[in-house]
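Below is a brief report on one protein model. Read it with the sequence and the coordinates open.

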Amino acid sequence: MSNVIKLKKGLDIPIKGEPADILENIPMPETFAIKPADFQGLVPKLRVKVGDKVKGGTALFVDKYLPEIQYVSPVSGEVVAINRGERRKILEVVVKADQDNLSEDFPKADPKELSDGDIKGELLRSGLWPAIKSRPYGIVAKPADQPKAIFISCFDSSPLAPDFDFVFKDESEAWQTGINALKKLTSGKIYLGLSVKKENIIFAKTEGVEINYFDGPHPSGNVGIQIHAILPLNKGEIVWTLQPQGVIMIGRLFLTGKYDASRIIALVGSEVKDPRYYQFWMGGCLCGLLKTKLSKQKGRVISGNVLTGTTSGSEDFLGFYDNMVSVIPEGNYYEMFGWALPGFDKYSPSRTFFSWLRSGRNKYVFNSNTHGEERAFVLTDEYDKVLPMDILPVYLLKAILVNDIEAMEQLGIYEVIEEDLALCEYVCTSKINVQSIVRKGINSMIKELG
Amino acid sequence: MKILRDWIDKQKPKLEKGGKFHMFKSGFGAVETFLFVPNHTTRQGSHIRDYVDLKRTMTIVIVALLPALLFGMYNTGYQHYMATGQMVSFWPVFFFGFKRILPIIIVSYVVGLGIEIAAAQIRGHQVNEGYLVTGMLIPLIMPVTTPLWMIAVSVAFSVIFAKEVFGGTGMNIWNPALVARAFLFFAYPSQMSGDSVWVSLGSKTVVDGFSGATPLSQAATAALKPMAEVASNHGISYSLMDMFAGFIPGSIGETSKIAILIGAAILLLTRIGNWKIMFSTILGGLFMGFILNLIAANSYMTVPAWQHLIMGGFLFGAVFMVTDPVSGAQTSTGKWIYGFLVGLFGIMIRVVNPAYPEGMMLSILIMNMFAPLIDYYVVQSNIRRRLKRALVKS
């Protein structure tokens with residue numbers, strides 16, 4: 001291991017419900033949905049109506065401003081609903097799966113022999129393009145951009161995250177094929193970020209990439225943190241990022257010529273009976289899984305991890321980028337003198353509760369209570385301890401709050417997205433909604449500077 | 001508990017806009033959240049949040065202040081019986097101080113929280129927890145003989161003009177507790193300095209030989225004499241042990257360095273107090289002490305640098321005042337500079353300017369004003385680093 005980058009700042013939250021290394025097969029869900037909200041800043045334009053027959057890889061909607069970017073159905077079946085929210089905003093396009101699981105046909109090819117134009121074309125047509133995100137801003141990449149590099153974090157350090165060594169152990173061919181395809185899309189290098197704590201069975205053998213190892217607590221697995229440590233992003237520069245899952249989907253596309261939405265997910269959290277891995281599908285309804293695998297029926301179901309994941313209303317569908325589902329108890333209760341009790345069972349990185357006297361190996365149940373009301377910024381130094389970047393988070397947030405574009409730019413808005421500051425939000429004594437402030441800042445940057 | 005909860009829930013509609021008791025909404029909310037941590041759940045961003053909130057944080061600071069407060073009560077009684085020449089056992093000594101100090105605390109909280117609640121109601125905000133600490137700090141930095149009405153006036157001045165006009169907790173420029181003290185110091189100087197204000201005598205008279213002067217004023221007085229005439233230990237009549245343990249006249253909470261160090265340990269263990277600031281303040285004080293030792297123009301300047309730490313309010317300021325996260329520097333580098341300068345100016349004002357026997361208060365208030373400037377340069381250097389990174393590569 002040559003390039004080990006040690007990050008000291010951060011925090012591994014000791015939350016109960018880690019997945020065991022067991023993979024279980026379950027029947028395919030009946031309904032699937034693609035949610036425009038999974039893609040930051042997307043304005044969708046529908047390409048289907050209720051009743052249309054679709055196959056895996058058929059466009060459901062496209063980006064209104066970049067219509068070549070398609071968002072496709074994960075499976076074959078019939079569009080049964082287009083659910084809308086306030087102001088007729090599209091929340092999800094629901095597809096009822098037939099059991100054939102047919103896919104649109106795409107040409108099989110070895111990406112090494114294709115041109116960058118061919119590869120872009122195939123990714124756009126197949127609906128896998130949105131797997132590529134661009135920094136700054138963490139939005140779906142624009143096909144016309146020339147990224148200076150592509151970054152892929154090969155481990156997830158977030159709470160209860162799946163172990164990629166386990167999840168992707170049989171995917172080495174698809175992985176390398178995906179990497180080969182991506183290599184054509186950048187004139188720069190592909191950088192992989194690996195964890196020193198993992199075996200990296202398939203990742204360490206990747207050809208044609210630069211590998212860096214990271215050592216440290218969450219958020220060391222966030223690709224934004226890795227970019228900052230390896231090749232910091234400056235004004236005017238663009239890099240692309242992918243998750244390993246996306247690379248493998250791209251690889252499968254070129255290997256088989258099919259759109260394959262299957263993926264292994266981890267169902268985790270304190271409310272889950274026997275947390276473990278399941279063979280699942282992107283966009284699939286979690287209802288069947290949740291019906292049988294939860295210890296209690298009440299709880300918060302999060303597609304993604306507890307820091308950055310999303311919840312949807314009654315039916316929960318697996319998000320486009322997610323490969324885990326976390327279930328934690330709701331915290332909608334009053335606690336008498338909760339702020340004054342000694343709190344031996346209340347984990348807190350702040351040491352203001354006596355739980356810090358307990359062993360570091362202890363795991364705790366976390367719920368969704370905010371544990372206090374929102375206040376102005378009072379304490380300092382809290383955020384800095386969990387953000388391994390040379391960025392002054394409070395000053396950046398204040399610049400966003402007063403909408404000072406120049407200051408945001410100077411203080412590093414190009415280098416962060418919500419997930420990088422998610423821990424700041426978790427530790428905040430003043431209960432400030434850090435992630436939505438960051439997104440607000442990114443949105444006004446996009447609006448002002450395009 | 002259930003009954004209380006139900007009763008609160010039943011009252012809530014009356015406090016909404018248009019309800020009968022809308023004018024008490026902020027105050028009621030403060031009491032409610034004091035009794036119960038609210039049932040709010042996360043709606044955006046991180047689904048889990050840390051258990052710590054501002055109430056918890058402020059409570060721990062108050063716990064850290066308790067040793068100083070309890071010793072302050074004992075010492076008030078101790079100084080009283082020393083001055084009047086009586087010998088009594090532990091509990092009467094303690095209760096003498098308790099009876100003197102409790103009213104000061106009550107006045108401080110009633111006036112301060114009253115204004116805070118009214119201000120929150122006018123703004124339509126929730127009541128902020130910041131005053132819980134300020135309200136305890138103010139009594140601890142006053143002489144025990146301060147009349148209650150003066151406490152009330154200074155508290156009102158500081159809460160209104162040092163805090164609420166800037167927007168409340170988290171927005172103030174100066175440390176509100178020190179503003180209250182500074183207000184008294186300049187508005188009623190006879191109550192805040194001299195040798196007679198530090199010991200509560202009641203109706204008794206002083207026995208012969210008891211001066212009531214603080215070590216600081218003794219040292220300052222001695223400094224005016226030619227060096228050769230100054231008695232041993234720079235004119236200070238108290239032993240080092242008394243100054244360390246706190247059996248000396250002074251503001252209520254500042255005398256016992258042992259009690260303050262216990263408080264410091266609580267703040268540092270819970271990581272609420274910032275060790276960088278505490279440490280750099282002490283470093284700054286020692287540094288200035290050494291420089292003065294080198295100059296040694298009068299007897300005060302020859303006081304060993306470390307001895308300054310156990311005199312007056314230096315340590316109390318370094319542990320409880322400089323560490324105020326709102327009025328101090330907020331960046332890590334800024335904290336080192338800020339703390340160092342507070343310590344440096346604190347000792348400089350104390351020794352060089354005979355008009356102010358204690359420099360810590362003024363030093364912190366001055367540096368409060370400069371803290372944003374220090375932070376500004378730290379932030380600018382961060383920005384420059386980022387720009388340079390871009391230039392180097394292109």
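Strands β16 (residues 262-268) and β19 (residues 324-328) of chain A run parallel and are joined by 3 bridges. One pairing to look at is Ala266(A), whose bridge partner in β19(A) is Met324(A). The model is predicted. Both strands belong to an open sheet of 5 strands in chain A, ordered β2-β17-β16-β19-β18. Pairing in this sheet is mixed. Its edge strands are β2 (23-25) and β18 (300-303) of chain A, and each pairs on one side only. From one strand to the next, the twist averages 30°.

**Strand β14**

Now turn to β14 (residues 210-215) of chain A. Is this strand largely enclosed or open? Of its 6 residues, 5 are buried, so β14(A) is largely enclosed by the rest of the structure. Strand β1 (residues 4-6) of chain A runs parallel to β14(A), with 3 bridges between them. Here Val4(A) stands opposite Tyr213(A). Strand β13 (residues 190-195) of chain A also pairs with β14(A) in the parallel sense, over 5 bridges. In that pairing, Leu192(A) stands opposite Ile211(A).

**Nonpolar cores**

The largest nonpolar core has 146 residues. Which members touch the most others? They are Leu123(A), Trp129(A), Ile152(A), Trp175(A), Leu182(A), Tyr383(A) and Tyr426(A). Helix α5 (residues 244-256) of chain A gives the most to this core, with 6 residues. A second, separate core holds 91 residues, including Phe185(B), Ile260(B), Met278(B) and Ile364(B).

Trp129(A) is worth a look in the viewer. Leaving aside residues up to four places away in sequence, Trp129(A) touches Ile69(A), Lys120(A), Leu123(A), Leu124(A), Val140(A), Ala141(A), Lys142(A), Pro143(A), Leu185(A) and Trp240(A). Among these partners are two lysines, Lys120(A) and Lys142(A).

**Cysteines**

How many disulfides does the structure hold? Over all chains, there is 1. This disulfide joins Cys285(A) to Cys287(A), with an S to S distance of 2.1 Å. The torsion about their S-S bond is about 140°, so the disulfide is right-handed. Cys428(A) has a relative accessible area of 2% and is buried. Cys428(A) is in no disulfide. The nearest cysteine sulfur is that of Cys424(A), 8.7 Å away. A disulfide needs two cysteine sulfur atoms within 2.5 Å.

| Residue | Relative accessible area | Class |
|---|---|---|
| Cys285(A) | 2% | buried |
| Cys287(A) | 30% | partly exposed |
| Cys154(A) | 2% | buried |
| Cys428(A) | 2% | buried |

**Thr352(A)**

Where does Thr352(A) sit? Thr352(A) lies in the loop between β20 (335-336) and α7 (393-401) of chain A. With a relative accessible area of 5%, Thr352(A) is buried. The cut-off explains the label, because buried means under 20% relative accessible area. The side chain of Thr352(A) makes a polar contact with the side chain of Ser350(A), at 2.7 Å. Which residues does Thr352(A) touch, not counting those up to four places away in sequence? They are Val52(B), Arg56(B), Ile60(B), Thr270(B) and Ile272(B).

Methods. Residues are numbered from 1 along each chain as its sequence is written. Chains are lettered from A and ligands numbered from 1 in the order in which they are written. This is a predicted model: local features need pLDDT of at least 70, side-chain atom pairs count only at pLDDT 80 or more; totals for chains, interfaces and linings use all residues. Side-chain values use heavy atoms; hydrogens and water are left out. Buried means under 20% relative accessible area, exposed over 50%, partly exposed in between (1.4 Å probe, protein chains only). A nonpolar core is a set of buried Ala, Val, Leu, Ile, Met, Phe, Trp, Tyr and Cys residues joined through side-chain atoms within 4.5 Å. Helices (H or I, at least four residues) and strands (E, at least two) are DSSP runs, numbered from the N terminus. Contact means heavy atoms within 4.5 Å. Two strands pair if DSSP finds at least two bridges between them. A polar contact is a pair of N or O atoms within 3.5 Å; within protein, one must be able to donate a hydrogen and the other to accept it, and residues adjacent in sequence count only if both atoms are side-chain atoms. Axes are lines fitted to C-alpha atoms, for helices over the stretch in contact, and angles run from 0 to 180 degrees between N-to-C directions.
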